[in-house]
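Work through the exercises below with the sequence and the model open side by side. Each task is followed by a solution that goes step by step.

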Amino acid sequence: MSTTTPVIPTQTKVAIFGTASLAFRGILVETSMNVTFPTLMHQFHTTLATVQWVTTAYLLAVAATMVITAFIQQRFRWRTIINVGGAGFVLGGLLCTVAPQLWLLLFGRIIQAIGTGLALPLVFAQIMTLVPFTAQGRFTGTAGMLIALAPSLGPTYGGLVTQLLSWRLIFGITLPFGLIAWLITAKTIRQTQAPRSRPFPLCQFGLVVAALILLIFSINNLSTHGLSLVFVWLPLLLAVLAVLTFTRSATRTTHPLINLAVFQQGNFTRALLIYFFIQFIQIGLTFLLPNFAQLALGKNALVSGLMLLAGSLCSAILSPLAGKLMDRRGIRRPFQIGSGFLLLATLSLAGLAQHLSVSLIIGLFVGFQIGFSCLFNNALTYGLQQLPPQLMGDGNALFNTLQQYSGSLGTAIMAVLITLGTRMAPSASSTMQTTLGTQIALWFSLIIIMIVAALALTTKPIANMADDQHQSRSSNH
């Protein structure tokens, strides 16, 4: 691997940082609202099932927007995209800040989700097209540092603002910073290729959105309806049929929503699976561990949120360093280090579930986040490096869509596994039921992490392909 430090224009650096800052604030607000549910239930006189749509609708809107980013980035100028994304963040945030009724809050959340869904993929599109090959790991790690911090900082930020001020200021405080990030990015962003006209595959988009909604609906119903034919199996079957129909349509048209030729690159598919599974578990743990601390250990919401802060900061510090390690030593070394930390931390959490304390959770979550920082952003960089330039937008769209959707799936499945503790020990105390359900969820997490480690440890660098693509991108510039 080359050790020469490439020269990147300051304008490019500012544009990447500005776009990442806007995406960070969108994801921060997304996860901050999770701790406001009791307050919103009281203020709007509604149920938890209804209030949960404040987060669920946001996640689905972000995922649906990211599905079409490959089309959008080819069809429109990047400055136009960031202007729409920034306007969506600001307008949605204003509506949420003043919302007198829950429906207007939900509407504002969806508008803000569209803004985040447009901004986030644009971060990595700039890195993979404007940054030299030998510096892409470092830039992805640095940008990923900001974005990866947001889900863990969100509950702490939301809890502090709600407890000391008002839940409305969760949006109000972030608005001026989001506005500044938008304006800076709009002034500095550039692209190397002109937009080109292509038809929008509306039917394929509808099938993907239907599959996303039906799968979440099916999993959410597991905790309340069990293995119900109507509420679980039927929507699951319809989700599978929607995916199969989309696949058939995408492979038979000249203008697919997402070009499935990306999956012909085996190393891309491997990296995508690593990325999906590790995000699935990381977001699942940020839901599981704070709930365990409150329900089993008797801690308050603020302590439960702060409990994850050390791990989040550790990941933020190490992500750029892990990217540099990949640039200099290749993909295998960070994957080996990350797999070791992930396996050790998850095994310890599962094996010690009956004896976990706040301090032990902090230490083991730090270990998990060290492993996470070595694999997560590097998997994205490595996966996109396997694709030719014409498929880069499709690969980027898949990574970013699955990043958001894996979080909602992780939360939903962890919630279902926690409820198993109640069903398996109906006569036990609520503390024991929560502990049992948490242990089941942690052993499930270990199985997923073992799959991640197997994929990571068998990954092989492809130096020739990397060099060929570096030359191809250079010629496009």
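Where does I258 lie? I258 is found in the loop between α11 and α12, where helices (H or I, at least four residues) and strands (E, at least two) are DSSP runs numbered from the N terminus. The model is a predicted one, in which local features need pLDDT of at least 70 and side-chain atom pairs count only at pLDDT 80 or more, while totals for chains, interfaces and linings use all residues. Residues are numbered from 1 along each chain as its sequence is written, and side-chain values use heavy atoms, with hydrogens and water left out.

**Exercise 1. Describe the surroundings of I258.**

Step one takes accessibility: I258 has a relative accessible area of 6% and is therefore buried, a class that means under 20%, with exposed over 50% and partly exposed in between (1.4 Å probe, protein chains only). Step two takes contacts, meaning heavy atoms within 4.5 Å: leaving aside neighbours within four places in sequence, I258 is in contact with V67, F246, A250, D394 and L398. Step three takes a distance, and here I258 and T185, which are 73 residues apart in sequence, lie 26 Å apart in space, C-alpha to C-alpha.

**Exercise 2. Characterise the second largest pocket by its volume, its lining and the helices that supply the lining.**

Start with the definition, in which a 1 Å grid is laid over the protein atoms alone and a pocket is an open set of points where a 1.4 Å probe fits, with protein on both sides within 12 Å along at least five of seven lines, and lining residues have an atom within 4 Å of a point. The space in the second largest pocket is about 690 Å³, a volume being the space filled by probe spheres set on points joined across faces, edges and corners. Its lining has 26 residues, and V208, L212, V243, L398 and L402 lie nearest the centre. At least two lining residues come from each of α10 (202-225), α11 (229-252), α12 (266-295) and α17 (392-424), and α11 gives the most, with 7 residues. By class, the lining divides into 23 nonpolar, 3 polar and no charged residues, where Ala, Val, Leu, Ile, Met, Phe, Trp, Tyr, Cys and Pro count as nonpolar, Asp, Glu, Lys and Arg as charged, and the others, Gly among them, as polar.

**Exercise 3. Describe N396 and L409, both placed in helix α17.**

N396 comes first: with a relative accessible area of 2%, N396 is buried, and beyond four places in sequence N396 touches Q73, P121, F124, A125 and L384. L409 counts as buried because its relative accessibility is 8%. Again beyond four places in sequence, L409 touches L215, I216, I219, F276 and F280. As for distance, L409 and M424 are 15 residues apart in sequence and 23 Å apart in space, C-alpha to C-alpha.

**Exercise 4. Which residues have the most contacts inside the largest nonpolar core?**

The residues are L105, I127 and L375, in a core of 141 residues; such a core is a set of buried Ala, Val, Leu, Ile, Met, Phe, Trp, Tyr and Cys residues joined through side-chain atoms within 4.5 Å. For I127, the contacts, not counting residues up to four places away in sequence, are I16, Q136, F139, T140 and A143.

**Exercise 5. Where is confidence lowest and where is it highest?**

Using pLDDT, the predictor's confidence in each residue from 0 to 100, the protein chain has a mean of 84, and 94% of its residues reach 70 or more. Confidence is lowest in helix α19 (residues 463-476), at a mean of 44, and highest in helix α15 (residues 332-351), at 95. The pLDDT is below 50 over residues 464-477, a stretch that has 23 contacts in the model beyond near neighbours in sequence.
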